[in-house]
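Here is a short briefing on the structure shown below.

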There are 2 protein chains.
Amino acid sequence: MSLRDAAIGIFDSGIGGLTVAREVARRLPNEHLIYLGDTARLPYGSKSPVTVSRYAATCVDFLRREPLKAIVIACNTASALALADLEHDLEVPLLGVIAPGARAAARTSRGGVIGVIGQEGTVRSGSYPRAIESILPSAKIVSHDCPLLVPLAEEGWLTGEVPRLTLRRYLEPLACAKIDTLVLGCTHYPLFKTLINDVFTKDYGMDVRLVDSAEEVTAELCDLLTRRGRLNGGGPGRRRFFCTDAPERFAVVGRRFFGDEFTEVRQVDLNASRP
Amino acid sequence: MSLRDAAIGIFDSGIGGLTVAREVARRLPNEHLIYLGDTARLPYGSKSPVTVSRYAATCVDFLRREPLKAIVIACNTASALALADLEHDLEVPLLGVIAPGARAAARTSRGGVIGVIGQEGTVRSGSYPRAIESILPSAKIVSHDCPLLVPLAEEGWLTGEVPRLTLRRYLEPLACAKIDTLVLGCTHYPLFKTLINDVFTKDYGMDVRLVDSAEEVTAELCDLLTRRGRLNGGGPGRRRFFCTDAPERFAVVGRRFFGDEFTEVRQVDLNASRP
């Protein structure tokens with residue numbers, strides 16, 4: 001099999017990364033995709049760097065059972081905490097969401113005051129501020145973790161008073177710091193784009209630009225494969241989905257996150273993939 | 001070592017079970033306690049029965065490395081999904097929170113209309129309704145899962161508009177059903193007791209009695225050890241705490257859940273305890 005036919009591997013702690021997979025499928029419809037959601041061990045966002053790195057390594061081991069042209073870490077926490085370690089002994093290009101999101105934030109910001117929201121592990125790692133400052137050393141960066149947004153999204157409470165008041169509380173320190181750009185540093189957060197815009201506009205009278213890391217990492221993946229001449233010219237790509245807990249719930253929510261092209265999900269045991 | 005000196009083992013998916021451990025320590029101050037929080041794999045509440053049973057079995061394996069006089073499953077989901085399997089090949093008495101909570105609900109209810117709230121796995125299992133109906137066949141039982149209450153409790157948002165509106169929304173179908181008793185079927189929920197009472201009284205004009213499974217399982221544990229003559233007559237018991245993810249966060253939140261007697265926490269690898 002040539003490298004053009006090889007698949008793109010994507011993994012996340014659960015279903016959130018399907019927003020990245022959907023974007024990849026939309027922009028690269030001919031590519032074969034293998035998606036793994038580590039649902040038996042989710043969430044990664046509240047867990048320690050060592051544990052997240054260990055989990056991410058088993059995900060990569062699983063994906064690498066077949067030839068890949070690239071691996072995308074569609075999880076901000078794993079990108080922040082595990083990417084550097086994983087890259088060491090990997091010949092396949094590995095893309096995380098932090099660097100593309102940081103580059104887009106630096107490009108988008110008018111005044112250099114940038115907010116970052118994410119789950120606890122991502123925010124505590126300081127990865128976004130470091131990445132943004134390496135491009136825009138004058139940037140003023142304000143970070144805040146928003147742990148309740150993930151369970152709100154999974155509960156389907158995307159509108160109404162509860163998510164609105166939750167967002168107002170989380171965004172208040174960012175509004176006080178007068179940010180002009182906000183990085184959505186968790187794959188679930190883009191589901192609240194409309195409400196976030198609304199809170200900034202109506203509650204705080206501000207015009208803040210939002211950066212969606214799912215879109216940014218997909219753009220970089222396209223560039224990379226184009227530059228290396230590895231885009232698949234064949235027919236429509238195959239999409240395969242795997243998870244580590246029972247697949248029923250994943251199948252239901254997966255369709256909401258990925259769309260109608262979502263096919264069957266198979267459960268795998270990652271412990272069995274490591275010697 | 002005599003069975004009187006043996007410890008009481010308690011486990012939970014994380015820190016919530018410390019409310020049970022605190023109650024046990026308060027009522028049985030001379031007993032040695034070993035607490036295990038499976039923080040690397042939390043939460044159990046959204047995961048499948050097979051996965052929860054597998055995780056619970058490794059927790060029991062770890063606790064049984066030393067002599068125990070009883071094991072308490074301080075987690076509603078694991079009690080609902082794994083207790084029956086675990087009991088099979090165990091000579092140590094094993095107590096879950098479901099049966100004691102169900103007995104208390106049947107005893108407390110005046111009109112036999114009983115509400116149950118819990119995490120998804122507990123509610124889907126139907127364990128509380130089955131257990132209550134076996135005692136009070138005429139009972140009318142209404143269940144509702146309240147997934148957002150756990151992250152709200154861990155975020156420390158125990159008062160204010162967000163938890164109040166969240167509770168009002170979750171409790172509405174229970175208020176419509178005119179329940180007179182409510183089982184708090186998750187170890188985190190007792191932290192919202194005041195607010196739940198407030199919502200029922202002020203928003204719905206109702207007087208609903210709350211059943212706290214942590215208190216009930218502890219009462220049954222006391223009875224069991226007294227009946228069997230296994231209470232420890234010696235000095236104050238030792239308390240030891242273990243978790244499966246990095247201990248720093250557990251130590252901080254643990255003190256809030258357990259109180260000042262909370263001592264150091266050690267991280268353990270449960271995979272290493274199974275051959």
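Contact here means heavy atoms within 4.5 Å. This is a predicted model: local features need pLDDT of at least 70, side-chain atom pairs count only at pLDDT 80 or more, and totals for chains, interfaces and linings use all residues. Residues are numbered from 1 along each chain as its sequence is written, chains are lettered from A and ligands numbered from 1 in the order written, and side-chain values use heavy atoms, without hydrogens and water.

**B:Glu31**
- B:Glu31 sits in the loop between α1 (18-27) and β2 (33-37) of chain B. Helices (H or I, at least four residues) and strands (E, at least two) are DSSP runs, numbered from the N terminus.
- B:Glu31 is buried, at a relative accessible area of 2%. Buried means under 20%, with a 1.4 Å probe and protein chains only.
- Its side chain makes a polar contact with the side chain of B:Lys69 (2.6 Å). A polar contact is a pair of N or O atoms within 3.5 Å; within protein, one must be able to donate a hydrogen and the other to accept it, and residues adjacent in sequence count only if both atoms are side-chain atoms.
- A polar atom of the B:Glu31 side chain also lies 2.7 Å from the backbone nitrogen of B:Asn232.

**Domains of chain A**
- Chain A is assigned domain 1 (7-96 + 215-267) and domain 2 (99-213). The bounds come from an automatic or database domain assignment.
- The contact takes 21 residues from domain 1 of chain A and 24 from domain 2 of chain A.
- The rule finds 3 salt bridges across this interface. A salt bridge is a side-chain nitrogen of Lys or Arg within 4 Å of a carboxyl oxygen of Asp or Glu.
- A:Glu216 forms a salt bridge with A:Arg107, with the closest N and O atoms 3.2 Å apart.

How values were computed
Buried < 20%, exposed > 50% of the residue type's maximum accessible area, 1.4 Å probe, protein only.
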